[in-house]
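Open the model in your viewer and follow the stops below. Each one says what to select and what is there.

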Amino acid sequence: MNRDLRFTALKKTPFHSRTSLASRTNKYYNWNGFTVPTEYSTTELEYTAARNGTSVMDLTPMCKYMINGSDANRFVDYLVTRDLSQMEDNTVAYIIWCNEDGKVMDDGTIFKFSDTKFMLCCAVKIYNWLHDSAEGFDVSCEDATDTTAALAIQGPTSCSTLKNYGADDLELLKPFGMKQYNINGYDVLISRTGFTGDLGYELWTNPANAENMWDSIMEAGKELKIRPFGMHALEMTRIEAGFIQTNTDFMAAEDSLRPVRMRSPYEIGMGWLVHLNKESYFVGKRALKKEKETGNSERCLVGLDIDGDKPAVGSVIYNEKKEDIGIVTAAMWSPTMKRNVALASLKRPYGIKIKENIFAEIYHPEELEYKKIWAKCKVVKRQFFSPERRNKVPADLYE
Amino acid sequence: MSDNYDVIVIGAGHNGLVCANILAKKNRKVLICEARDNCGGLLEESITNFVPQIPMSVSSSLGGLPVKYKAKSSIALSESGQHIRLVGNQHIDHKVISGFSSKDADRYVEFHDKMSSFSKALGSFMMASPPRIMNNTFSDYFKLFKLGMNVRMLGKKKFNEFARMIGLNIADELEDNFENTLLQGLIAHDAVLGSNLGPRSPGSLINLLFRMATHDNSIFGGIYEIDGGSKAFVDTLLDISNKNKVEIKTSSSVKRCITENDKAVGVELHNGEKIYAKKIISNADPRSTYFSLLGTENLDTDVKRRIKHHRSKGKVAKLSLSLNKQPEFINCDKDDLESRMVIAPSIDYIEEAFNPSKFDKLSMEPILEMKLKNSDQSNPALDIQVQYASYGAQEGWDNIKDNYVDAVIKLIEKYAPDIQSCIETKAIVTPDDIEKNFHVTGGHWHHGEIQIDQLFMLRPIPGASQYRTHLDGLYMCGAGTHPGGGLTGIPGRNAAQAILEDA
Ligand SMILES: Cc1cc2nc3c(=O)[nH]c(=O)nc-3n(C[C@H](O)[C@H](O)[C@H](O)COP(=O)(O)OP(=O)(O)OC[C@H]3O[C@@H](n4cnc5c(N)ncnc54)[C@H](O)[C@@H]3O)c2cc1C
């Protein structure tokens, strides 16, 4: 092992030869120890492809864990707040998990192959957590991050692109369904999941297949407005979709130094994922039950519709009396909806009982000077963008 | 579901019995389920030697506990026959030590006073239930504040001294004070007794303070023998149980707690029988309480981590020798033989005995605490606590037991040359045996180390102090809780109080 950290290079994903070729800007960032593009050409162009064509993103750095064993089903049900006891084979579920204080550690997706085999995908590394949680369960947990190559293929023409690539009957796959394919001689798992709030898929395969898969998909989408997209464009689409991001919209419980910064699911709009009536115990259940019973949740995470067109990035939110009631965690001008939107963490009752007469203080940079804007906001559903095509079965196809 | 009982106590160790009786006296209908076919747990001739006195606070909550004690002196045996016998009385002990070193004698009185005042400051805290650090309630902070005040009231100088000493090892402190290595060895022996520490391990000093706090705040003054032995003590507890109508089911090992809506509502025995009650109390050690009774699938990950890291590897074995005649201990008179005889001739000797135990191995020259019984009768016996007899010894207890016993006897031979010829039978109980036969994970004296990270409100683990577990309705009353093991009954009493508070 190279013990001198100064000279430990970031890892390259199995798609690196292709993503680096596609990069026009040479802008990269460190995602989970891998170097991946923030932007290939311009973020606006990439965003537009995601909303009007097919966008391709290298997802490999995402943490992936394989959970195997006779207790696998019981174990994942114990690990997360959602009731997974009735989950069907070959489906995917959106999940969150908490620590003993009922504070959210991360969100992610769980893929069920069978009662004895699951895959967990998430942002924050949790191998130790899985391992220690597994005490008493007959399961083994394995970090598959480096051994699984993953691509997100998202956008209105994504289904057509993948059909051209060789994914037969893909249009029949339901949202949160998954299907195993063999394409060009390689096994490829395709799930109808994604982070853009639109029609889209994620592909999981052996790293040896990565370059072939990338090339074949680019070829398959040639006439369907295909384009690789980076982190910045993804950030735009996920805000529009109202998806939350760990350590951006809330602090992961294990990462926050200050206990008051930790958030329960009820405080980040994830209460719907907490099934307190689940028969078996799950990590954090006692604390969450208490919070629910006493109703002492302190914050909430809401969507804001903001007057004007200046994004409220990092803005403090005030009430009528100019008292500080929260902060914007993510904000953008949405080109698709022509709306100025944001996600904000507010102190209750703001956001829950009081939804009007709140204000964002926006500092808008104009050629080395800041213009201070006092913009009226309205609390709205966090899911700003959710087109009908997102959940349509069969999925829309284009020539 | 019907509540047949108000309370079920799992385990009839002395703490379980104390707890059950206090509750029964408050008109609770109590059942005890004990895995073994007899009661008392580790309170048994084959285990315990010398004991502290049950404190007033415990016996009075039982409406009196008619157990008689005999005070015992302690003698540090020396191969040369220059033994030191201390009785726990300052004047007498001063005189005895003067015979070896007048400097040591004066220092001993000073040292004892200092330790005694610290132990007294801990005292009230020892008796009470510790604050729960995860509660953030006023009364919990108040308790912490009071402990701080108790120590602070000793004066600034002593407070600083206390702060200095709390993480210290006993060897440094003894070597700073005394020149006689035998005296050093005797005190160091008591500082490490029952623990997984050597005299040079940090924290061995607080171990001694903890011991003193339950032994009349004295180093050698609060050491007793039970009149009539352990059996008399257990019988007394059973008499009281009878009077208080505590039901006891022996040979009834509890498999798990039955829960409903995440609350303990009963127990299931290994034979499948289910019994229900409003509250369940476990006299079992923390690990088996959490991992077996509560069940790993009902625990938060963080709690599992804490229990997994809970240190509870036992280090003491008990060797019982039945004798056909009384052995001749070199240069020992009748009073000496009646004493608690300790073979731990110096700090270095103890540390050497401890060294292999760091690697879960055995030293063939361990430290010993011995009790000669029935010395005036035809059937004398020698009961020996053998320390650093590691739980799960790498050598494998099955392979090495006989050799180990022989080594211990060879060691005693140096002090009593005719011991071999006196021995009729020999029986050793190792920590592994204790785990198996007494159902104590790791076979630990205190059901878990007495060390700074497992003390007070951290005992047995953070979030589970105050005798309550993480499961509503399930409590703990054994040596694994505050203030730890030994025949004090304090955990049992405090647990009963916690339950009465919650009712
Ligand atoms: C080798 C050794 C020597 C010691 N020497 C001394 C000494 O000389 N002086 C001294 O003061 N202290 C001594 N101690 C310490 C002292 O004996 C103990 O700390 C004390 O007896 C503990 O009492 P307890 O009631 O908490 O637990 P225990 O006495 O351990 O009782 C627990 C009881 O619970 C029962 N139990 C456990 N699990 C279950 C279950 N699932 N179902 C039903 N029943 C169950 C067990 O069978 C046991 O009877 C010694 C300890 C050891 C290990």
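**Stop one: the ligand**

Select B:His14 and the ligand: a backbone N or O atom of B:His14 sits 3.2 Å from an oxygen atom of the ligand. Keep in mind that this is a predicted model.

Then pick B:Leu487, where a polar backbone atom is 3.2 Å from a ligand oxygen atom. How much of the ligand does the protein bury? Taken alone, the ligand exposes 1,000 Å², and the protein buries 97% of that.

**Stop two: the shell**

Now show the 37 residues around the ligand; B:Asn15, B:Glu34, B:Leu42, B:Phe50 and B:Trp445 come nearest. Colour the shell by type: 17 residues are nonpolar, 18 polar and two charged.

Next, colour chain B by domain. Domain 1 (5-68 + 227-310 + 449-502) and domain 2 (316-438) each give the shell at least three residues.

**Stop three: B:Gln454**

Move to the loop between α17 (431-438) and β16 (474-476) of chain B, and select B:Gln454 there. Is B:Gln454 buried or exposed? Its relative accessibility is 3%, so B:Gln454 counts as buried.

Trace the side chain of B:Gln454. It reaches the backbone nitrogen of B:Arg311 at 2.7 Å. Beyond its neighbours within four places in sequence, B:Gln454 contacts residues including B:His309, B:His310, B:Arg459 and B:Pro460.

How values were computed: Residues numbered from 1 in each chain as written. Chains lettered and ligands numbered in written order. Predicted model: local features only at pLDDT ≥ 70, side-chain atom pairs only at ≥ 80, totals over all residues. Heavy atoms only, no water. Helix = DSSP H or I, 4+ residues; strand = E, 2+ residues; numbered from the N terminus. Buried < 20%, exposed > 50% of the residue type's maximum accessible area, 1.4 Å probe, protein only. Polar contact = N/O pair within 3.5 Å; in protein donor to acceptor, adjacent residues only side chain to side chain. Contact = heavy atoms within 4.5 Å. Near = heavy atom within 4 Å. Areas by Shrake-Rupley, 256 points an atom, 1.4 Å probe, with all protein chains shown as cover. Nonpolar A, V, L, I, M, F, W, Y, C, P; charged D, E, K, R; others polar. Domains from an automatic or database assignment.
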